[in-house]
Amino acid sequence: MTVEILCAKVYHFIHIQRDTRRAARTERRKPRYKIRMPMTPLEFRRRLHRRPELSFEEHETAAFIERQLAEAGIPCRRIARTGVLAALEGRGDPRRAVVLRADIDALPIRERADVPWRSEREGAMHACGHDVHAAVLYG
């Protein structure tokens, strides 16, 4: 057997092995959930920004988040009166988890920006970026 043929067979074997491993990894990576979010993260963020609520008063915000998650088919529940906990089950070891968290409260500040999504509540606004944090987590 010539060196060229041997190299070609080894090359072919390596690529078959690599393709097989790549296919197995791709199969493992397929998402368990096919989620279609009812609104874009930008729309979500602007909705939160328009209706800010101060700390421990976020009842409307929590209800809004629950509705959006329910429409997307994501199971969720209230915690600590104004919090929302959503869980997406993985395929691996159930004792291992990743926790993502976002605050949803606003600050007692009067908004001066003249934009369509400005705060509709006098004396409260999302000047802290919590609306963005929640939208990123949502998206």
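1. The count comes to 2 aromatic pairs in this predicted model. The rule pairs rings of Phe, Tyr and Trp (its six-membered ring) if their centres lie within 6.5 Å; planes under 30 degrees apart are stacked, over 60 edge-to-face, and the rest tilted. Phe-44 and Tyr-138 make a stacked pair, at 4.1 Å centre to centre with 5° between the planes. This pair links distant parts of the chain, 94 residues apart: Phe-44 is in helix H2 (residues 41-50), Tyr-138 in helix H4 (residues 130-138). Helices (H or I, at least four residues) and strands (E, at least two) are DSSP runs, numbered from the N terminus.

2. On conventions: this is a predicted model, where local features need pLDDT of at least 70 and side-chain atom pairs count only at pLDDT 80 or more, while totals for chains, interfaces and linings use all residues. Residues are numbered from 1 along each chain as its sequence is written, and side-chain values use heavy atoms, with hydrogens and water left out.

3. Phe-44 and Tyr-138 are both buried. Buried means under 20% relative accessible area, exposed over 50%, and partly exposed in between (1.4 Å probe, protein chains only). Together with Phe-64, Phe-44 and Tyr-138 form one aromatic cluster.

4. Two arginines sit over rings. The charged end of Arg-47 is over the ring of Phe-64, 4.3 Å from its centre. Arg-46 lies over the face of Trp-117, at 3.6 Å from the ring centre. The criterion is NZ of Lys or CZ of Arg within 6 Å of the ring centre and within 35 degrees of the ring normal.

5. Arg-45 is in helix H2. Is Arg-45 buried or exposed? Its relative accessibility is 19%, so Arg-45 counts as buried. Neighbours within four places in sequence aside, Arg-45 is in contact with Trp-117, Asp-131, Val-132 and Ala-135. Contact means heavy atoms within 4.5 Å.

6. Helix H3 (residues 59-71) has 13 residues, which should span 18 Å at 1.5 Å a residue; the end C-alpha atoms are 18 Å apart, which agrees. The expected span is 1.5 Å times one less than the number of residues.

7. Buried in H3 are Thr-61, Ala-62, Phe-64, Ile-65, Gln-68 and Leu-69. They cover an arc of only 160° around the axis, so they lie on the same side of H3. The arc is that of the directions from the helix axis to the C-beta atoms. On the other side, Ala-70 and Glu-71 are exposed. Cover for the buried residues of H3 includes H2, strand S1 (76-79), strand S2 (83-86) and H4.

8. After H3 comes Gly-73, with a positive phi near 80°.
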